[in-house]
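The sequence and structure come first.

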Amino acid sequence: TPREGWTVLKQEADFLVLGKGGAFFMTETGKTAPGTTGTQLVDSYLASQAKQLTNVKKGTTSTVDVDPSLSVAKGLQVGTATGANGSSTLGFGAVASIRTADGVAFVGTLVWPAAEDVATYNADYTAMVSSLLAAQLKK
């Protein structure tokens with residue numbers, strides 16, 4: 001559920017991008033191979049994002065206990081993105097969750113200018129990821 005002040009920038013059946021100020025919230029849904037963990041999904045997702053960045057610094061991915069039916073993990077990385085308007089250092093915070101019974105999964109990512117305090121966006125990010133987790137638990 002989008003929080004107040006976030007605008008839909010792109011929406012497809014399995015992909016959504018919201019924007020607020022200089023930050024973006026992206027979520028992608030799909031199905032994973034049997035046995036895939038949330039940690040593997042976060043690491044794979046952040047690695048794919050890192051290919052578009054330079055000077056990448058990745059933190060340790062950690063598991064998150066939410067419900068026994070889900071494999072959930074979170075990870076963080078910072079890197080420099082370069083485009084037509086120059087370059088900027090961005091933070092990427094990702095949460096991935098896989099419903100272990102059927103492999104239905106999502107990755108929710110907050111992308112923000114690293115020069116800004118991430119706390120500005122944390123409450124909204126947490127609420128939107130919590131909404132995704134709740135939907136995933138409804139089966």
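How much space lies in the largest pocket? About 290 Å³ lies there.

## Basis of the model

This is a predicted model, in which local features need pLDDT of at least 70, side-chain atom pairs count only at pLDDT 80 or more, and totals for chains, interfaces and linings use all residues. Residues are numbered from 1 along each chain as its sequence is written, and side-chain values use heavy atoms, with hydrogens and water left out.

## The largest pocket

Rolling a probe the size of a water molecule over the atoms shows where empty space is left. The search uses a 1 Å grid over the protein atoms alone. A pocket is an open set of points where a 1.4 Å probe fits, with protein on both sides within 12 Å along at least five of seven lines. Points are joined across faces, edges and corners, and the volume is the space filled by probe spheres set on them.

Two or more lining residues come from each of β1 (7-12), β2 (15-20), β3 (23-31), β8 (104-113) and α2 (119-137). These elements are DSSP runs, numbered from the N terminus: helices are H or I with at least four residues, strands E with at least two. α2 gives the most, with four residues.

By class, the lining holds twelve nonpolar, five polar and two charged residues. Nonpolar here means Ala, Val, Leu, Ile, Met, Phe, Trp, Tyr, Cys and Pro; charged means Asp, Glu, Lys and Arg; the others, Gly among them, are polar.

## Helix α2

α2 has 19 residues. From first C-alpha to last it reaches 27 Å, close to the 27 Å expected at 1.5 Å a residue. That expected span is 1.5 Å times one less than the number of residues.

## The loop between β5 and β6

Asp67 sits in the loop between β5 (62-64) and β6 (70-83). Ser69 is also placed in the loop between β5 and β6. Asp67 counts as partly exposed because its relative accessibility is 28%. Ser69 is buried, at 18%.

The side chains of Asp67 and Ser69 make a polar contact of 2.5 Å. Such a contact is a pair of N or O atoms within 3.5 Å; within protein, one must be able to donate a hydrogen and the other to accept it, and residues adjacent in sequence count only if both atoms are side-chain atoms. Beyond neighbours within four places in sequence, Ser69 is in contact (heavy atoms within 4.5 Å) with Ile98, Arg99, Thr100 and Leu137.

Gln77 is in strand β6. Its relative accessibility is 2%, so Gln77 counts as buried. A polar atom of the Gln77 side chain lies 3.0 Å from the backbone oxygen of Leu46.

Phe92 is in strand β7. At 5% relative accessibility, Phe92 counts as buried. Leaving aside neighbours within four places in sequence, the contacts of Phe92 include Gln77, Leu46, Thr109 and Trp112.

Methods: 1 Å grid on protein atoms, 1.4 Å probe; cavity = no way out; pocket = protein on both sides within 12 Å on 5 of 7 lines; lining within 4 Å. Buried < 20%, exposed > 50% of the residue type's maximum accessible area, 1.4 Å probe, protein only.
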